[in-house]
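Hi,

Here is the structure I promised to pass on.

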Amino acid sequence: MLLINKEEIKKIFTMKDAIEADKLAFSIFSKGGSISPLRTNIESKGAKGNILYMPGYIDKIGVSGLKIVSVFPDNPKIGLASTPGTILLVDDKTGMVSCVLDGTYVTEIRTGAATGAAVSLLARKGSKKAALIGSGGQAESQFDAIVTACETVEEVRIYSRTRENREKFAAKMAEKYKGKVRVMASTSPEEAIDDADIIALATTSKEAIIDGKLLKKGALVSGVGSYMPNMHEIDEETLVRASKIYFDSKDAVLSEAGCIITPLEKGTITEEDFTGDLGDLINGDIVGRENDEEIIVFKSVGISTQDITTGKMIYDKALENKVGYEW
């Protein structure tokens, strides 16, 4: 059994790798090549948080797996990650656990990569301005994914509700991408999304964060934060204005994401407004962006196929590069 921690993963696995892993995962999922049950969500009685269990199996790559990931927003106050996780890979030939990975980091990078996949496939060509709403545990991977997937991005504006947090994160990203991308902390979501070609939402907000009336024509909105029926980071006007709406998994989104479930129940949108899963687009079964005027939405809640595919690619690279601890 190979144990692989965050720093070891970072040495051998890039955001570009993660985006390709997610595209493969979405393609496999849409072809019916994986077993990816809806996750089990257990609400903690001991603190404000949820513990999620995500099993899956992909026979094409010969591996099953399980991710245990928790969402505990107050963890940073005690020096812990807000989304701690662990991923186990199981060899489908022997039933033996072959690898244990740092699931916190894999979740970060594969969630960022979902936005990256959407950007590479659906963003308007030549996009220059991006907005990132949220400065928590998912923020850096979202930022990395945007600039990796769209090399023409010149400016990224960051907004989160706490001024100190957004300014600190903006400074970190400005240093990381010094000389490559302009990074600014915005004082409001309206300022952040003004004239933005790409907008990434990475929050667990129970209220809509942006105003769809302010979106420029041709914008791509990627929502990856809301994962429960009471969370609504994407506003209804954005969905109404959208020419196309894509998902990582329609079934998973309609089971979990309040920002889609609520307007659907209200009749603000209907299932006829849904274009399909991103994997269907990758497989050539549905259309993508057809012109530069379309506003497009991508909503992701995450599926185990992503974790297993990403985990297996990391495991293979670790074996190749002799990285990790054999236990």
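This is a predicted model: local features need pLDDT of at least 70, side-chain atom pairs count only at pLDDT 80 or more; totals for chains, interfaces and linings use all residues.

The chain splits into domain 1 (2-106 + 305-326) and domain 2 (115-302), with 23 Å between their centres, taken over C-alpha atoms. Together they bury about 1,700 Å², and carbon and sulfur atoms give 62% of that area. On the domain 1 side, Met15, Phe26 and Arg39 supply 30% of the area buried against domain 2, more than any other three residues.

In terms of contacts, 17 residues of domain 1 meet 26 residues of domain 2. The interface has one salt bridge by the rule, and five residue pairs are in polar contact between the two domains. Helix 2 (15-30) and strand 3 (50-58) each supply at least two residues of the domain 1 side, and helix 2 gives the largest share, eight residues. That side is made up of seven nonpolar, six polar and four charged residues.

Now the lysine. Lys244 sits in strand 12 and counts as buried because its relative accessible area is 5%, under the 20% cut-off. Its side chain makes polar contacts with the side chains of Glu290 (2.8 Å) and Glu294 (2.3 Å).

Last, helix 9 (residues 258-266): its buried residues are Gly258, Cys259, Ile260, Ile261 and Pro263. Among the elements covering them are helix 7 (236-241), strand 12 (244-247), helix 8 (250-256) and strand 14 (296-299). After helix 9 comes Gly267, with a positive phi near 85 degrees.

Cheers

Notes: Residues are numbered from 1 along each chain as its sequence is written. Side-chain values use heavy atoms; hydrogens and water are left out. Buried means under 20% relative accessible area, exposed over 50%, partly exposed in between (1.4 Å probe, protein chains only). Helices (H or I, at least four residues) and strands (E, at least two) are DSSP runs, numbered from the N terminus. Contact means heavy atoms within 4.5 Å. A polar contact is a pair of N or O atoms within 3.5 Å; within protein, one must be able to donate a hydrogen and the other to accept it, and residues adjacent in sequence count only if both atoms are side-chain atoms. Domain bounds come from an automatic or database domain assignment. Buried area is the accessible area (1.4 Å probe) that two parts lose on being put together, summed over both. A salt bridge is a side-chain nitrogen of Lys or Arg within 4 Å of a carboxyl oxygen of Asp or Glu. Ala, Val, Leu, Ile, Met, Phe, Trp, Tyr, Cys and Pro count as nonpolar, Asp, Glu, Lys and Arg as charged, and the others, Gly among them, as polar.
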